[in-house]
Amino acid sequence: MANITYIEASGQSTTVSLNDGWSLMQGATANGIDGILGECGGSCACATCHCYVDEARLGDLPAASEGELDMLENVAAERRPNSRLACQIKASAALEGLIIHLPATQE
Amino acid sequence: MSAAIVIIGAGQAGVQTAEALRTGGFAGSITLLGNEAYGPYHRPPLSKAWLAGEMDSAQLVMRAPEMLARKAIELRTNVTVSAIDRTAKLVTLSDGSSLPYTGLVLATGSTPRRLPLPGGDAQGVFALRSRDDASAIAERMAVCIEKQLPVIVIGGGFIGLEVAATARKKGLSTTVLEAAPRLLGRVLAPVLSDWYANLHRSHGAALVLDARIAAIETDAQNTVTGVRMADGQVYPAGLVVVGIGVAANDQLAQAAGLECDRGIVVDACGHTSDPAIVAAGDCTARRLPDGSLLRLESVQNATEQGKSAAAALLGLEKPFTATPWFWSDQYDKKLQMAGLSMGADQWAVRGDMAAGSFSVYHFKGERLLAVDSVNASKDHLLARKLLDAGVSPTVAQAGDLGVELAGLLVK
(Lines give C-alpha, C1' and ligand atoms only; values in the text may rest on other atoms or scores of the structure.)
Protein backbone atom coordinates (compact mmCIF):
# COMPACT_ATOMS: atom_id res chain seq x y z
CA MET A 1 0.00 0.00 0.00
CA ALA A 2 1.21 3.48 -0.80
CA ASN A 3 -0.31 6.95 -0.79
CA ILE A 4 0.53 8.62 -4.08
CA THR A 5 -0.12 12.29 -4.79
CA TYR A 6 -0.88 13.30 -8.36
CA ILE A 7 -0.54 16.97 -9.21
CA GLU A 8 -2.16 17.86 -12.50
CA ALA A 9 -0.87 20.61 -14.76
CA SER A 10 -3.77 22.78 -13.53
CA GLY A 11 -2.42 22.50 -9.99
CA GLN A 12 -5.20 20.13 -8.90
CA SER A 13 -3.74 17.74 -6.34
CA THR A 14 -5.21 14.33 -5.51
CA THR A 15 -3.86 11.73 -3.12
CA VAL A 16 -4.80 8.12 -3.75
CA SER A 17 -4.08 5.03 -1.72
CA LEU A 18 -2.90 2.26 -4.02
CA ASN A 19 -2.67 -1.43 -3.29
CA ASP A 20 0.68 -3.09 -3.92
CA GLY A 21 1.06 -4.07 -7.53
CA TRP A 22 -1.21 -1.40 -8.94
CA SER A 23 0.55 0.80 -11.42
CA LEU A 24 0.45 4.55 -10.96
CA MET A 25 -1.38 4.72 -14.30
CA GLN A 26 -4.11 2.40 -13.05
CA GLY A 27 -4.36 4.44 -9.85
CA ALA A 28 -4.98 7.57 -11.91
CA THR A 29 -7.50 6.16 -14.36
CA ALA A 30 -9.45 4.26 -11.72
CA ASN A 31 -9.64 7.30 -9.46
CA GLY A 32 -10.77 9.91 -11.92
CA ILE A 33 -7.51 11.82 -12.21
CA ASP A 34 -7.22 13.72 -15.47
CA GLY A 35 -3.85 14.07 -17.07
CA ILE A 36 -3.10 10.39 -17.58
CA LEU A 37 -4.72 8.65 -20.52
CA GLY A 38 -3.13 5.18 -20.59
CA GLU A 39 -4.53 4.40 -24.03
CA CYS A 40 -2.85 0.99 -24.27
CA GLY A 41 -4.10 -0.15 -20.90
CA GLY A 42 -0.67 -0.30 -19.32
CA SER A 43 1.39 -2.24 -21.83
CA CYS A 44 4.20 0.30 -22.23
CA ALA A 45 3.04 0.72 -25.82
CA CYS A 46 1.53 4.20 -26.15
CA ALA A 47 3.38 6.69 -23.90
CA THR A 48 0.18 8.49 -22.79
CA CYS A 49 0.83 8.03 -19.05
CA HIS A 50 3.92 10.23 -18.95
CA CYS A 51 4.65 11.73 -15.52
CA TYR A 52 7.37 13.62 -13.70
CA VAL A 53 8.49 11.92 -10.52
CA ASP A 54 9.57 13.85 -7.43
CA GLU A 55 13.30 14.12 -8.09
CA ALA A 56 14.27 13.40 -4.49
CA ARG A 57 12.48 10.07 -4.70
CA LEU A 58 13.83 8.85 -8.05
CA GLY A 59 16.14 6.46 -6.22
CA ASP A 60 13.15 4.73 -4.57
CA LEU A 61 11.85 3.63 -7.95
CA PRO A 62 13.03 0.65 -9.91
CA ALA A 63 15.06 1.79 -12.90
CA ALA A 64 13.26 2.26 -16.20
CA SER A 65 13.56 -0.64 -18.62
CA GLU A 66 15.09 -0.11 -22.03
CA GLY A 67 11.59 -0.35 -23.51
CA GLU A 68 10.31 2.39 -21.22
CA LEU A 69 13.28 4.65 -21.98
CA ASP A 70 12.63 4.14 -25.68
CA MET A 71 8.95 5.02 -25.29
CA LEU A 72 9.86 8.14 -23.30
CA GLU A 73 11.60 9.43 -26.40
CA ASN A 74 8.15 9.77 -27.96
CA VAL A 75 6.16 11.49 -25.21
CA ALA A 76 4.05 14.49 -26.22
CA ALA A 77 5.15 16.85 -23.45
CA GLU A 78 8.73 17.85 -22.68
CA ARG A 79 10.86 14.94 -21.58
CA ARG A 80 12.86 15.67 -18.43
CA PRO A 81 15.43 13.71 -16.42
CA ASN A 82 12.63 12.67 -14.03
CA SER A 83 10.24 11.58 -16.77
CA ARG A 84 8.70 8.13 -16.35
CA LEU A 85 5.72 6.17 -17.66
CA ALA A 86 3.20 5.74 -14.86
CA CYS A 87 2.20 2.29 -16.15
CA GLN A 88 5.68 1.00 -15.41
CA ILE A 89 5.77 2.09 -11.75
CA LYS A 90 4.09 -0.35 -9.37
CA ALA A 91 2.89 0.73 -5.95
CA SER A 92 4.69 -0.65 -2.89
CA ALA A 93 5.52 0.56 0.61
CA ALA A 94 8.76 2.00 -0.76
CA LEU A 95 6.73 4.59 -2.66
CA GLU A 96 4.74 5.88 0.33
CA GLY A 97 4.14 9.61 -0.02
CA LEU A 98 5.44 9.83 -3.58
CA ILE A 99 4.44 12.95 -5.48
CA ILE A 100 4.18 12.91 -9.25
CA HIS A 101 3.44 15.82 -11.54
CA LEU A 102 1.42 15.33 -14.71
CA PRO A 103 2.18 17.14 -17.95
CA ALA A 104 -0.32 19.42 -19.65
CA THR A 105 -0.68 17.05 -22.59
CA GLN A 106 -0.27 13.37 -23.36
CA GLU A 107 -0.99 13.51 -27.05
CA MET B 1 -33.19 21.91 -29.55
CA SER B 2 -29.83 22.71 -28.00
CA ALA B 3 -26.81 20.76 -29.21
CA ALA B 4 -26.92 17.13 -28.09
CA ILE B 5 -24.47 14.49 -29.16
CA VAL B 6 -25.29 10.85 -28.66
CA ILE B 7 -22.45 8.33 -28.85
CA ILE B 8 -23.38 4.69 -29.41
CA GLY B 9 -20.60 2.59 -27.93
CA ALA B 10 -18.58 3.20 -24.76
CA GLY B 11 -15.33 1.60 -25.89
CA GLN B 12 -12.08 3.25 -26.87
CA ALA B 13 -13.50 5.13 -29.88
CA GLY B 14 -16.65 6.32 -28.12
CA VAL B 15 -14.79 7.60 -25.07
CA GLN B 16 -12.15 9.29 -27.20
CA THR B 17 -14.80 11.05 -29.26
CA ALA B 18 -16.61 12.26 -26.14
CA GLU B 19 -13.45 13.65 -24.58
CA ALA B 20 -12.26 15.22 -27.83
CA LEU B 21 -15.61 17.00 -28.14
CA ARG B 22 -15.09 18.60 -24.73
CA THR B 23 -11.46 19.41 -25.47
CA GLY B 24 -12.64 21.00 -28.68
CA GLY B 25 -15.00 23.28 -26.79
CA PHE B 26 -18.34 21.53 -27.34
CA ALA B 27 -20.71 22.80 -24.64
CA GLY B 28 -23.88 20.82 -25.38
CA SER B 29 -24.92 17.52 -23.85
CA ILE B 30 -22.96 14.33 -24.52
CA THR B 31 -24.54 10.94 -23.84
CA LEU B 32 -22.34 7.86 -24.02
CA LEU B 33 -24.32 4.63 -24.44
CA GLY B 34 -22.69 1.31 -23.54
CA ASN B 35 -24.30 -2.11 -24.00
CA GLU B 36 -22.24 -3.77 -21.28
CA ALA B 37 -22.64 -3.65 -17.52
CA TYR B 38 -19.34 -1.81 -17.13
CA GLY B 39 -18.15 1.69 -17.76
CA PRO B 40 -15.28 2.15 -20.20
CA TYR B 41 -12.51 -0.39 -19.66
CA HIS B 42 -9.27 -1.37 -21.33
CA ARG B 43 -9.58 -4.28 -23.74
CA PRO B 44 -5.92 -4.92 -24.62
CA PRO B 45 -5.02 -6.48 -21.25
CA LEU B 46 -7.93 -8.95 -21.44
CA SER B 47 -5.99 -11.50 -23.48
CA LYS B 48 -2.75 -10.76 -21.65
CA ALA B 49 -2.11 -9.59 -18.09
CA TRP B 50 -5.74 -9.73 -17.00
CA LEU B 51 -6.29 -13.27 -18.26
CA ALA B 52 -2.99 -14.29 -16.69
CA GLY B 53 -4.38 -13.16 -13.33
CA GLU B 54 -1.82 -10.39 -12.97
CA MET B 55 -4.44 -7.61 -12.74
CA ASP B 56 -7.67 -7.25 -10.83
CA SER B 57 -10.78 -6.05 -12.60
CA ALA B 58 -10.67 -2.57 -11.07
CA GLN B 59 -7.33 -2.10 -12.80
CA LEU B 60 -9.07 -2.41 -16.17
CA VAL B 61 -10.99 0.84 -15.66
CA MET B 62 -10.31 3.18 -18.58
CA ARG B 63 -12.12 6.23 -17.23
CA ALA B 64 -13.54 6.47 -13.76
CA PRO B 65 -17.19 7.56 -13.64
CA GLU B 66 -16.21 10.78 -11.85
CA MET B 67 -13.72 11.57 -14.61
CA LEU B 68 -16.55 11.39 -17.14
CA ALA B 69 -18.93 13.27 -14.86
CA ARG B 70 -16.43 16.09 -14.43
CA LYS B 71 -16.46 16.48 -18.20
CA ALA B 72 -20.26 16.38 -18.21
CA ILE B 73 -20.27 13.16 -20.22
CA GLU B 74 -23.36 11.21 -19.27
CA LEU B 75 -22.57 7.50 -19.26
CA ARG B 76 -25.43 5.01 -19.57
CA THR B 77 -24.53 1.33 -19.31
CA ASN B 78 -26.55 -1.81 -20.06
CA VAL B 79 -28.40 -0.09 -22.85
CA THR B 80 -28.68 -1.03 -26.50
CA VAL B 81 -29.94 1.00 -29.42
CA SER B 82 -32.57 -0.63 -31.58
CA ALA B 83 -32.92 1.96 -34.33
CA ILE B 84 -31.75 5.28 -35.70
CA ASP B 85 -34.35 7.62 -37.20
CA ARG B 86 -32.27 9.95 -39.35
CA THR B 87 -35.17 12.13 -40.38
CA ALA B 88 -36.38 12.84 -36.86
CA LYS B 89 -32.80 12.65 -35.51
CA LEU B 90 -33.75 10.22 -32.80
CA VAL B 91 -32.24 6.98 -31.56
CA THR B 92 -34.60 4.41 -30.11
CA LEU B 93 -33.31 2.43 -27.15
CA SER B 94 -34.09 -1.18 -26.37
CA ASP B 95 -36.38 -0.14 -23.51
CA GLY B 96 -38.54 1.76 -26.00
CA SER B 97 -37.42 5.22 -24.94
CA SER B 98 -35.77 7.53 -27.40
CA LEU B 99 -33.04 10.14 -27.40
CA PRO B 100 -32.88 13.12 -29.75
CA TYR B 101 -29.56 14.17 -31.22
CA THR B 102 -28.07 16.98 -33.19
CA GLY B 103 -24.98 14.88 -33.85
CA LEU B 104 -24.63 11.11 -33.67
CA VAL B 105 -21.48 9.02 -33.24
CA LEU B 106 -21.40 5.36 -34.17
CA ALA B 107 -18.66 3.64 -32.19
CA THR B 108 -20.29 0.24 -32.12
CA GLY B 109 -17.16 -1.88 -32.37
CA SER B 110 -16.97 -5.37 -33.76
CA THR B 111 -18.07 -8.91 -32.97
CA PRO B 112 -15.85 -12.00 -33.16
CA ARG B 113 -16.67 -14.35 -35.99
CA ARG B 114 -18.16 -17.62 -34.84
CA LEU B 115 -16.86 -21.01 -35.76
CA PRO B 116 -19.11 -22.22 -38.58
CA LEU B 117 -18.77 -25.85 -37.57
CA PRO B 118 -20.78 -28.47 -35.68
CA GLY B 119 -20.29 -27.90 -31.97
CA GLY B 120 -19.17 -24.32 -32.48
CA ASP B 121 -21.61 -23.16 -29.83
CA ALA B 122 -20.74 -25.82 -27.23
CA GLN B 123 -20.06 -24.98 -23.58
CA GLY B 124 -16.40 -24.23 -23.18
CA VAL B 125 -16.00 -22.70 -26.64
CA PHE B 126 -15.35 -18.97 -26.43
CA ALA B 127 -14.37 -15.96 -28.42
CA LEU B 128 -12.57 -13.13 -26.63
CA ARG B 129 -13.83 -9.62 -27.09
CA SER B 130 -15.41 -8.36 -23.88
CA ARG B 131 -14.63 -8.42 -20.21
CA ASP B 132 -17.37 -11.01 -19.74
CA ASP B 133 -15.79 -13.21 -22.42
CA ALA B 134 -12.46 -12.94 -20.65
CA SER B 135 -14.05 -13.80 -17.30
CA ALA B 136 -15.68 -16.88 -18.79
CA ILE B 137 -12.37 -17.99 -20.33
CA ALA B 138 -10.52 -17.41 -17.06
CA GLU B 139 -13.09 -19.50 -15.18
CA ARG B 140 -12.83 -22.30 -17.69
CA MET B 141 -9.03 -22.13 -17.57
CA ALA B 142 -9.23 -22.66 -13.82
CA VAL B 143 -11.29 -25.80 -14.43
CA CYS B 144 -8.74 -26.97 -16.99
CA ILE B 145 -5.91 -26.44 -14.51
CA GLU B 146 -7.79 -28.39 -11.85
CA LYS B 147 -8.76 -31.27 -14.14
CA GLN B 148 -5.59 -31.12 -16.23
CA LEU B 149 -7.48 -30.58 -19.45
CA PRO B 150 -5.76 -29.12 -22.51
CA VAL B 151 -6.56 -25.81 -24.16
CA ILE B 152 -7.05 -25.52 -27.90
CA VAL B 153 -6.78 -22.17 -29.63
CA ILE B 154 -8.34 -21.95 -33.06
CA GLY B 155 -6.69 -19.22 -35.10
CA GLY B 156 -3.06 -18.15 -35.05
CA GLY B 157 -3.74 -14.40 -35.10
CA PHE B 158 -3.02 -11.90 -32.35
CA ILE B 159 -5.85 -12.82 -30.01
CA GLY B 160 -5.29 -16.54 -30.40
CA LEU B 161 -1.56 -16.32 -29.87
CA GLU B 162 -1.87 -14.00 -26.89
CA VAL B 163 -4.33 -16.42 -25.28
CA ALA B 164 -2.01 -19.34 -26.09
CA ALA B 165 0.93 -17.55 -24.46
CA THR B 166 -1.20 -16.81 -21.40
CA ALA B 167 -2.38 -20.42 -21.19
CA ARG B 168 1.22 -21.63 -21.34
CA LYS B 169 2.14 -19.13 -18.61
CA LYS B 170 -0.42 -20.92 -16.47
CA GLY B 171 1.15 -24.26 -17.31
CA LEU B 172 -1.75 -25.50 -19.42
CA SER B 173 -1.17 -27.91 -22.28
CA THR B 174 -1.86 -25.69 -25.27
CA THR B 175 -2.28 -26.31 -28.99
CA VAL B 176 -2.85 -23.66 -31.66
CA LEU B 177 -4.72 -24.75 -34.80
CA GLU B 178 -4.16 -22.39 -37.72
CA ALA B 179 -5.80 -22.90 -41.10
CA ALA B 180 -3.11 -21.00 -43.00
CA PRO B 181 0.41 -22.30 -43.65
CA ARG B 182 1.89 -19.78 -41.22
CA LEU B 183 1.04 -17.73 -38.14
CA LEU B 184 -0.19 -14.13 -38.50
CA GLY B 185 0.06 -14.66 -42.24
CA ARG B 186 -2.00 -11.62 -43.17
CA VAL B 187 0.15 -9.18 -41.23
CA LEU B 188 3.67 -10.50 -40.73
CA ALA B 189 6.51 -11.20 -43.11
CA PRO B 190 7.20 -14.95 -43.47
CA VAL B 191 10.48 -14.66 -41.58
CA LEU B 192 8.62 -13.24 -38.58
CA SER B 193 5.83 -15.84 -38.76
CA ASP B 194 8.49 -18.51 -38.46
CA TRP B 195 10.14 -16.69 -35.60
CA TYR B 196 6.81 -16.52 -33.72
CA ALA B 197 6.17 -20.20 -34.39
CA ASN B 198 9.53 -20.99 -32.80
CA LEU B 199 8.79 -18.67 -29.89
CA HIS B 200 5.56 -20.51 -29.11
CA ARG B 201 7.10 -23.94 -29.56
CA SER B 202 10.03 -22.99 -27.33
CA HIS B 203 7.50 -22.16 -24.61
CA GLY B 204 5.87 -25.55 -25.00
CA ALA B 205 2.84 -24.69 -27.12
CA ALA B 206 2.02 -27.09 -29.95
CA LEU B 207 1.25 -25.58 -33.35
CA VAL B 208 -0.67 -27.17 -36.17
CA LEU B 209 -0.48 -25.21 -39.41
CA ASP B 210 -2.67 -25.91 -42.46
CA ALA B 211 -5.13 -27.20 -39.88
CA ARG B 212 -8.43 -28.55 -41.26
CA ILE B 213 -11.00 -28.67 -38.51
CA ALA B 214 -14.15 -30.76 -38.96
CA ALA B 215 -16.06 -30.30 -35.73
CA ILE B 216 -16.02 -29.55 -32.03
CA GLU B 217 -16.64 -32.74 -30.07
CA THR B 218 -18.88 -32.54 -27.02
CA ASP B 219 -20.21 -34.71 -24.22
CA ALA B 220 -23.87 -35.33 -23.43
CA GLN B 221 -24.08 -31.97 -21.63
CA ASN B 222 -22.89 -30.18 -24.79
CA THR B 223 -19.57 -29.34 -23.13
CA VAL B 224 -16.51 -29.37 -25.32
CA THR B 225 -14.30 -32.47 -25.10
CA GLY B 226 -12.10 -31.97 -28.12
CA VAL B 227 -11.55 -30.76 -31.65
CA ARG B 228 -11.90 -33.25 -34.50
CA MET B 229 -9.82 -32.66 -37.60
CA ALA B 230 -10.77 -33.47 -41.20
CA ASP B 231 -8.43 -36.48 -41.12
CA GLY B 232 -10.26 -37.86 -38.11
CA GLN B 233 -7.63 -37.02 -35.51
CA VAL B 234 -9.07 -35.62 -32.30
CA TYR B 235 -7.29 -33.15 -30.04
CA PRO B 236 -8.80 -33.40 -26.56
CA ALA B 237 -9.79 -30.06 -25.04
CA GLY B 238 -11.39 -28.66 -21.92
CA LEU B 239 -11.45 -25.17 -23.39
CA VAL B 240 -11.49 -23.90 -26.95
CA VAL B 241 -10.79 -20.25 -27.70
CA VAL B 242 -11.72 -19.13 -31.19
CA GLY B 243 -9.83 -16.17 -32.66
CA ILE B 244 -10.69 -16.14 -36.35
CA GLY B 245 -11.34 -12.47 -36.85
CA VAL B 246 -14.13 -10.02 -36.25
CA ALA B 247 -16.96 -8.43 -38.18
CA ALA B 248 -17.80 -4.73 -37.89
CA ASN B 249 -20.99 -3.95 -36.02
CA ASP B 250 -22.66 -2.04 -38.84
CA GLN B 251 -26.18 -3.48 -38.62
CA LEU B 252 -27.70 -0.36 -37.04
CA ALA B 253 -26.08 1.81 -39.69
CA GLN B 254 -27.23 -0.49 -42.47
CA ALA B 255 -30.78 -0.46 -41.15
CA ALA B 256 -30.63 3.33 -41.08
CA GLY B 257 -29.60 3.39 -44.72
CA LEU B 258 -26.00 4.57 -44.23
CA GLU B 259 -23.40 3.40 -46.73
CA CYS B 260 -21.77 0.23 -45.40
CA ASP B 261 -19.34 -2.23 -46.93
CA ARG B 262 -18.22 -4.73 -44.31
CA GLY B 263 -18.13 -1.73 -41.99
CA ILE B 264 -19.63 1.75 -41.83
CA VAL B 265 -18.00 3.64 -44.68
CA VAL B 266 -16.27 6.81 -43.46
CA ASP B 267 -13.86 9.31 -44.97
CA ALA B 268 -10.58 10.32 -43.35
CA CYS B 269 -12.49 12.82 -41.21
CA GLY B 270 -14.96 10.27 -39.88
CA HIS B 271 -18.00 11.45 -41.90
CA THR B 272 -20.56 8.81 -42.85
CA SER B 273 -22.97 9.29 -45.73
CA ASP B 274 -25.17 11.37 -43.36
CA PRO B 275 -23.66 14.77 -42.43
CA ALA B 276 -25.09 14.55 -38.89
CA ILE B 277 -23.54 11.14 -38.25
CA VAL B 278 -19.88 10.23 -37.78
CA ALA B 279 -18.30 6.88 -36.98
CA ALA B 280 -15.06 5.73 -35.40
CA GLY B 281 -13.18 2.58 -34.45
CA ASP B 282 -13.62 -1.09 -35.28
CA CYS B 283 -17.07 -0.56 -36.80
CA THR B 284 -15.73 1.53 -39.67
CA ALA B 285 -14.31 0.95 -43.13
CA ARG B 286 -12.28 3.98 -44.17
CA ARG B 287 -12.34 5.09 -47.79
CA LEU B 288 -8.79 5.76 -48.99
CA PRO B 289 -7.87 8.28 -51.69
CA ASP B 290 -7.60 5.47 -54.27
CA GLY B 291 -11.17 4.44 -53.52
CA SER B 292 -10.33 1.23 -51.66
CA LEU B 293 -11.61 0.56 -48.16
CA LEU B 294 -9.39 0.00 -45.14
CA ARG B 295 -10.52 -1.74 -41.99
CA LEU B 296 -8.25 -1.45 -38.99
CA GLU B 297 -8.87 -2.94 -35.60
CA SER B 298 -6.59 -1.25 -33.12
CA VAL B 299 -6.55 1.10 -30.19
CA GLN B 300 -4.65 3.70 -32.18
CA ASN B 301 -7.21 3.57 -34.99
CA ALA B 302 -10.05 3.97 -32.49
CA THR B 303 -8.46 6.93 -30.74
CA GLU B 304 -7.36 8.73 -33.89
CA GLN B 305 -10.70 8.21 -35.63
CA GLY B 306 -12.43 9.35 -32.44
CA LYS B 307 -10.52 12.63 -32.56
CA SER B 308 -11.38 13.05 -36.24
CA ALA B 309 -15.04 12.27 -35.63
CA ALA B 310 -15.26 14.81 -32.82
CA ALA B 311 -13.66 17.45 -35.01
CA ALA B 312 -16.10 16.67 -37.82
CA LEU B 313 -19.05 17.23 -35.48
CA LEU B 314 -17.51 20.57 -34.52
CA GLY B 315 -17.40 21.54 -38.18
CA LEU B 316 -13.64 21.06 -38.51
CA GLU B 317 -11.61 18.88 -40.82
CA LYS B 318 -9.13 16.71 -38.96
CA PRO B 319 -8.31 13.90 -41.33
CA PHE B 320 -6.75 10.79 -39.82
CA THR B 321 -3.66 10.18 -41.89
CA ALA B 322 -1.13 9.11 -39.26
CA THR B 323 0.82 5.90 -39.79
CA PRO B 324 -1.16 3.01 -38.34
CA TRP B 325 0.48 1.13 -35.50
CA PHE B 326 -0.32 -1.96 -33.46
CA TRP B 327 1.23 -4.00 -30.71
CA SER B 328 1.01 -7.48 -29.24
CA ASP B 329 2.49 -8.96 -26.08
CA GLN B 330 3.34 -12.67 -26.12
CA TYR B 331 5.51 -14.22 -23.40
CA ASP B 332 8.22 -11.62 -22.73
CA LYS B 333 8.18 -10.29 -26.29
CA LYS B 334 6.57 -7.03 -27.31
CA LEU B 335 5.77 -6.78 -31.00
CA GLN B 336 5.22 -3.24 -32.25
CA MET B 337 4.15 -2.76 -35.84
CA ALA B 338 4.19 0.52 -37.76
CA GLY B 339 2.65 0.95 -41.20
CA LEU B 340 0.79 -1.53 -43.37
CA SER B 341 2.84 -4.22 -45.04
CA MET B 342 0.37 -5.35 -47.72
CA GLY B 343 2.08 -5.52 -51.10
CA ALA B 344 5.61 -5.80 -49.73
CA ASP B 345 8.04 -7.63 -51.97
CA GLN B 346 11.35 -7.12 -50.16
CA TRP B 347 12.34 -7.42 -46.53
CA ALA B 348 15.34 -6.51 -44.44
CA VAL B 349 16.05 -7.68 -40.91
CA ARG B 350 17.82 -5.29 -38.56
CA GLY B 351 19.16 -6.58 -35.27
CA ASP B 352 19.56 -10.04 -33.82
CA MET B 353 16.66 -12.46 -34.33
CA ALA B 354 18.35 -15.14 -32.24
CA ALA B 355 18.72 -12.73 -29.32
CA GLY B 356 15.06 -11.69 -29.65
CA SER B 357 15.51 -7.97 -30.29
CA PHE B 358 15.17 -6.97 -33.93
CA SER B 359 12.97 -5.37 -36.57
CA VAL B 360 11.71 -6.52 -39.95
CA TYR B 361 11.46 -3.75 -42.56
CA HIS B 362 8.91 -4.27 -45.33
CA PHE B 363 9.55 -2.69 -48.72
CA LYS B 364 7.75 -2.43 -52.01
CA GLY B 365 10.65 -1.95 -54.35
CA GLU B 366 12.84 0.46 -52.41
CA ARG B 367 9.92 2.18 -50.65
CA LEU B 368 9.47 1.47 -46.95
CA LEU B 369 5.92 0.29 -46.19
CA ALA B 370 6.06 -1.00 -42.64
CA VAL B 371 8.32 -2.05 -39.80
CA ASP B 372 7.64 -4.85 -37.31
CA SER B 373 9.79 -4.58 -34.20
CA VAL B 374 10.25 -7.23 -31.52
CA ASN B 375 11.55 -5.89 -28.20
CA ALA B 376 12.94 -2.94 -30.13
CA SER B 377 10.76 0.05 -29.21
CA LYS B 378 13.37 2.48 -30.43
CA ASP B 379 13.18 1.02 -33.96
CA HIS B 380 9.41 1.19 -33.74
CA LEU B 381 9.27 4.85 -32.77
CA LEU B 382 11.77 5.79 -35.44
CA ALA B 383 9.79 3.77 -37.99
CA ARG B 384 6.67 5.79 -37.19
CA LYS B 385 8.64 8.99 -37.75
CA LEU B 386 10.13 7.75 -41.02
CA LEU B 387 6.76 6.59 -42.33
CA ASP B 388 5.00 9.78 -41.22
CA ALA B 389 7.64 11.82 -43.01
CA GLY B 390 7.59 9.61 -46.10
CA VAL B 391 11.32 9.00 -45.70
CA SER B 392 12.59 5.61 -46.75
CA PRO B 393 15.94 3.95 -46.12
CA THR B 394 17.11 1.59 -48.83
CA VAL B 395 16.73 -2.13 -48.23
CA ALA B 396 20.47 -2.35 -47.71
CA GLN B 397 20.51 0.55 -45.24
CA ALA B 398 17.66 -0.95 -43.22
CA GLY B 399 19.55 -4.20 -42.75
CA ASP B 400 22.87 -2.53 -41.89
CA LEU B 401 23.30 -1.72 -38.19
CA GLY B 402 26.20 0.48 -39.17
CA VAL B 403 23.76 2.93 -40.79
CA GLU B 404 22.10 5.29 -38.33
CA LEU B 405 18.54 5.44 -39.72
CA ALA B 406 17.59 8.44 -37.58
CA GLY B 407 20.09 10.40 -39.65
CA LEU B 408 17.81 10.09 -42.66
CA LEU B 409 15.17 12.23 -40.98
CA VAL B 410 17.21 15.40 -40.61
CA LYS B 411 18.21 15.54 -44.28
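1. Helices (H or I, at least four residues) and strands (E, at least two) are DSSP runs, numbered from the N terminus. In these terms chain A holds two helices and five strands, and from the N terminus on its elements follow the order β-β-α-β-α-β-β. The radius of gyration of chain A is 12 Å, close to the 13 Å that the globule rule gives for 107 residues, so chain A is as compact as a globular protein of that length. Here the radius of gyration is taken over C-alpha atoms, and the globule rule is 2.2 Å times the number of residues to the power 0.38. The C-alpha trace of chain A spans about 30 × 30 × 25 Å along its principal axes.

2. The model is predicted: local features need pLDDT of at least 70, side-chain atom pairs count only at pLDDT 80 or more, and totals for chains, interfaces and linings use all residues. Residues are numbered from 1 along each chain as its sequence is written, chains are lettered from A and ligands numbered from 1 in the order in which they are written, and side-chain values use heavy atoms, with hydrogens and water left out.

3. Chain B has 10 helices and 26 strands. Its radius of gyration is 22 Å, close to the 22 Å that the globule rule gives for 411 residues, so chain B is as compact as a globular protein of that length. Along its principal axes, the C-alpha trace of chain B spans about 65 × 60 × 35 Å.

4. Chain B is divided into domain 1 (4–111 + 246–313), domain 2 (125–242) and domain 3 (332–408); the bounds come from an automatic or database domain assignment. The centres of domain 2 of chain B and domain 3 of chain B, taken over C-alpha atoms, are separated by 30 Å. Their contact (heavy atoms within 4.5 Å) takes 10 residues from domain 2 of chain B and 13 residues from domain 3 of chain B.

5. Between domain 2 of chain B and domain 3 of chain B the buried area is about 980 Å², of which carbon and sulfur atoms give 78%. Buried area is the accessible area (1.4 Å probe) that two parts lose on being put together, summed over both. On the side of domain 2 of chain B that touches domain 3 of chain B, helix 5 (residues 190–202) of chain B gives the most, with six residues. By class, that side has 10 nonpolar, no polar and no charged residues. Ala, Val, Leu, Ile, Met, Phe, Trp, Tyr, Cys and Pro count as nonpolar, Asp, Glu, Lys and Arg as charged, and the others, Gly among them, as polar.

6. Between the chains, 27 residues of chain A are in contact with 30 residues of chain B. Chain A and chain B bury about 2200 Å² between them, 49% of it on carbon and sulfur atoms. The rule finds five salt bridges across this interface, a salt bridge being a side-chain nitrogen of Lys or Arg within 4 Å of a carboxyl oxygen of Asp or Glu.

7. A:Glu73 forms a salt bridge with B:Lys378, the closest N and O atoms being 3.6 Å apart. A:Glu73 lies in the loop between helix 2 and strand 4 (83–85) of chain A and B:Lys378 in helix 8 (residues 377–389) of chain B, so the pair joins two chains. The side chains of B:Lys378 and A:Asp70 also meet in a salt bridge (3.8 Å, N to O).
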